[in-house]
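Subject: Structure handover

Hello,

Here is the structure I promised to pass on. Please open it alongside this email; my notes follow below.

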Amino acid sequence: MKNNVGFDSSLSKFGIGLFETIKVKNGLPIDLNIHVERMLSSINCLDLDINYKKDFLINEIVTYIKKENVIDKALRITVFDEGYNISIRDIPYNQEMYEKGFRLTISPIVRGNSLIHRHKTTNYFENIYTKNIANKTGYNDGIFLNSEGVILECSMSNIFFIKGERVYTPSDRLPILNGIIKKRIIEICDELHIELIENEINISEISSFDFVFVTNSLMGAIKVTEIDKIKFNKENVVFDKIEELLE
């Protein structure tokens, strides 16, 4: 395992690498196989000169968790041209956030149609910049739009909307990271016979929705109470049903 990066590394020079953030709960890495499979798929899709086997990465992560006695943390594995690194940090979501919900704003960055956004690469400047700007102005996160005002995703999460009995989320045809929890939400909606529509959602349409929530592997799902001063309901029966199975 590498604990430093050389200046000649493509990670240092160009931000070329991939990472996964995995929730460790009670010492167990949640959805470990799915995370590693996504990373290996991205290596192949992006034609990166990084060569690791699935079993090797899984074994290294499990060994690290046991050796470091990791209980409830966010674990990150990064792979790049010089090797790989595993690190941990606190999970940044607390009970107050779940109770109060998130406030979102629109990112100042307009996204183009790049395949990079479909993968969890280490070139994360746009995401970090967007989140920092949102936090400095009193919001929890920012939403990326494309040049036509179509909603893509947040800097750290996927986004869902509820209207009546239907759930809506940006289509996977768009340049977004289709998160692991997003896929689970789609499965849950199918199990519960809740109609889920993947489509293009324009920012001009958001006031027509009843409820909004965001998802990622660390948070699970958190409700959104406001997007740039447009308010949404704080409770929703459909969301409650989904959240119950997600837990």
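Strand β5 (residues 102-111) runs parallel to β12, and three bridges join the two. L104 stands opposite I227 in β12. Please keep in mind that this is a predicted model.

β12 spans residues 220-227. How many of its residues are buried? Eight of eight, so the strand is mostly covered. Its pairing with β11 (211-216) is antiparallel, over five bridges. There V212 faces V224 of β12. Three residues separate β11 from β12, and the two strands form a hairpin.

A further hairpin follows. β12 and β13 (residues 230-231) pair in the antiparallel sense, with two bridges. I227 sits opposite I230 in β13. Two residues lie between these strands, and D228 in the turn has a positive phi of about 45 degrees. I227 therefore turns up in two pairs: opposite L104, and opposite I230.

**The four-stranded sheet**

There is an open sheet of four strands, in the order β2-β1-β3-β4. Its pairing is antiparallel. Which strands are at the edges? They are β2 (28-29) and β4 (83-89), each of which pairs on one side only. β1 (residues 18-25) meets β2 through two bridges, in the antiparallel sense. K25 stands opposite L28 in β2.

Helix α3 (residues 54-67) lies across β1, β2, β3 (73-80) and β4. Relative to β4, the helix runs at about 35 degrees.

Is it buried or exposed? N85 has a relative accessible area of 17%, so it counts as buried, the cut-off being under 20%. Sequence neighbours within four places aside, N85 is in contact with M1, K2, N3, R76, I77, T78 and F80.

α6 covers residues 180-191, which is 12 residues. From first C-alpha to last, α6 reaches 17 Å. That is close to the 16 Å expected at 1.5 Å a residue. Its buried residues are I180, I181, K182, I185, I188 and C189.

Two packed helices are described by the angle between their axes and the distance between the axes. Here are both values. The axes of α6 and α7 (residues 237-246) come within 10 Å and cross at roughly 115 degrees. The two helices are therefore roughly perpendicular, a class that takes in angles from 65 to 115 degrees. The crossing is right-handed.

Which residues make the contact? On the α6 side they are I181, R184, I185, I188, C189 and E191. On the α7 side they are I242, L245 and L246. I181, I185, I188 and C189 of α6 are buried and also take part in this contact.

**Positive phi values**

Most residues other than glycine have a negative phi.

H193 follows α6. It is placed in the loop between α6 and β10. Buried or exposed? H193 has 74% relative accessibility, and therefore counts as exposed, where the cut-off is over 50%.

D47 is placed in the loop between α2 (32-45) and α3. Phi of D47 is near 55 degrees, again positive in a residue other than glycine. D47 counts as exposed because its relative accessibility is 69%.

I203 is found in the loop between β10 (196-199) and β11. Its relative accessibility is 23%, so I203 counts as partly exposed. Buried would need a value under 20%.

What does I203 touch? Leaving out residues up to four places away in sequence, its contacts are I106, L145, G149 and I151. The C-alpha atoms of I203 and V150 are separated by 6.0 Å. Along the chain, I203 and V150 are 53 residues apart.

**Where to look**

Take β12 with its antiparallel partners β11 and β13. Then take the α6 and α7 crossing, at roughly 115 degrees.

Best wishes

Definitions and conventions: Residues numbered from 1 in each chain as written. Predicted model: local features only at pLDDT ≥ 70, side-chain atom pairs only at ≥ 80, totals over all residues. Heavy atoms only, no water. Expected span 1.5 Å × (residues − 1). Buried < 20%, exposed > 50% of the residue type's maximum accessible area, 1.4 Å probe, protein only. Contact = heavy atoms within 4.5 Å. Axes fitted to C-alpha atoms, helices over the stretch in contact; angles between N-to-C directions. Parallel < 35°, antiparallel > 145°, perpendicular 65-115°, else oblique. Left-handed = near helix turned anticlockwise from the far one by under 90°.
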